[in-house]
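These are my notebook entries on a few local features. I list each look-up by topic.

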Amino acid sequence: MMDETRWDRIQSLFHAALNRPPKERSAWLLNECGGDRALLDEVAHMLAADAQRDGLLEQDLAAVAASLVRREDHGTLAGRTFGPYRVLDLVGQGGMGVVYRAERRAVNQQVAIKVLRDAAVSPARRERFSVEQQTLARLNHPAIAQLYHADTLPDGTPWFALEFVDGRRLTEYCREQQSSVQERLLLIRAVAEAVEHAHRHLIVHRDLKPSNILVRDDGSVKLLDFGIAKHLEDLETPADQTRTGLRLMTPAYAAPEQLRGDPIGIHTDIYSLGVILYEVLAGRTPFDLAGKTPGEAERLVLERDPERPSLEARQHAWAAPAGRAAWSDLDVLCLTAMHKDAARRYRTIDALIKDIDRYLAGEPLAAQPDTIAYRIGKLLKRHRAAALAAAATLVTLIALMTFYTVQLSRAREAALAEATRTQRIQRFVFAMFRGGDETAGPADSLRVVTLLDRGLDEARTLDAEPRLQADLYHTLGGISHQLGQLERADSLLSLALERRRALLGADHADVAASELALGELRIEQARYDDADALVRPALALLERGRPSDDPTMTAARVALGKILQERG
């Protein structure tokens, strides 16, 4: 049984080799394996399988074990017949099947013969092999390799014959031909049409990648290998994993939902096609999985957003040659197709094809780049705990700022109101002394009583400004008290207290001042019980809001002392 460390090493070398030019792989791999022949054979076997199709990730435990203990010499089948076909040579082999080039001399036709290896070992692989036959039989499209024949050998081994494609993998073709942006997009468009044909027949390919797309010398494309394709009506069947627990996929091109084991659909093929589009335009895959373990590769694809292909293209000589304006739309094409959120991808392959056509025609794309709001939303969702803490802090800061802003605003408004009242009282006093003549100064014979009468007349006209009117009643009442006009003082001070209580409430400092003034008047009137009932509440209120050395506090204590003295 293969241990996890060795499996991770095999996977790491496999992905690293895939990112190197095919001509350099053998020498590089020989150096990396350092004399470990078994390791070299395993990785070379996986590379050969990837180049043709069926990779190690498709195998169940029995197939993996069989591949570790023996290697068959499939070249000895040259000249053997499969029905009307005669084998010419070996094309490639993988964990599930072996592919030969064969001919049918009667019609001068070359075909590819695919034979299920170790047919008796795994019923699951035999079933998948049968499903691939049935899938190809349902599809008839110029860009999909056509099924010709299916049968079994005398020992029960299944095989089928399909169209032989003499071509190069998509990325190699683009690199060698130095294809233009338009030519690369037309190739992707042809592949997309083939995938759309499969989708119309309710088939999801699930393993789209450049090695499954061959381009002939005439520029025509062929989509190969429906070995792990799935019918849409069977997507809920939990048969997508081998007995080893390995999912059937190629990680570099697998959609996030495949890596997570979530339900798949046509959006899965759209993602893989987006990755292929990214690679043929930028010159590399969106994520560098070289040297990564399967777990590291999965986390990289699931948790990181790819760079825009326009940025990656600057570092690769065979990237698509495009100007800045052109890259803006190409970025949108790629990143929309391969969006991590399936709901944000193109809804159908046809929608992707139409946007490719719009680009080629110089028209605006239907797809739009992610908005700032969407990006922020995804960022907050990914860092939920930190976002909640930051939000709570922000709310607290905003609340504090709002509180102090309101307090300062109120204080400013109160100060402005007080200043306005002071100015009004000053103007009122000046008007008292001027009399009715604006140009003349105060008369030499003007008596204080006359001034009081004039002030009272002015105060009565201020019904529209009750606060100012109450202040003037309080001031005039105090002057009347000083002049010994106790009856008038009583009337004015009582009126001021009544108005202030109504306007300001019982706990306002101005109300306490009116209570104190009227209490002092009651002392002089020898009404000590009434004076006590006014002065004590005034003193208590002043003690809550004024410093102990405030002059008003002193006056209130003196008044209370007089009351107590007079009452014995």
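I looked up Thr268 and found a relative accessible area of 0%, so Thr268 counts as buried. Buried means under 20% relative accessible area, exposed over 50%, and partly exposed in between (1.4 Å probe, protein chains only). Thr268 lies in helix α9 (residues 266-282); helices (H or I, at least four residues) and strands (E, at least two) are DSSP runs, numbered from the N terminus. Apart from neighbours within four places in sequence, I list Ala255, Glu257, Gln258 and Arg345 in contact with Thr268, where contact means heavy atoms within 4.5 Å.

I note that the model is predicted: local features need pLDDT of at least 70, side-chain atom pairs count only at pLDDT 80 or more, and totals for chains, interfaces and linings use all residues. Residues are numbered from 1 along each chain as its sequence is written, and side-chain values use heavy atoms, with hydrogens and water left out.

I then turned to strand β3 (residues 97-104), in which seven of the eight residues are buried. β3 pairs in the antiparallel sense with strand β2 (residues 85-93) over six bridges, and with strand β4 (residues 109-116) over eight bridges, also antiparallel; two strands pair if DSSP finds at least two bridges between them. I recorded Tyr100 in β3 as the bridge partner of Leu90, and Leu116 in β4 as that of Gly97. The hairpin of β3 and β4 has four residues between the strands, and Asn108 there takes a positive phi near 50 degrees.

Last, I checked Phe403, which is found in helix α15 (residues 384-434). Phe403 counts as partly exposed because its relative accessibility is 45%.
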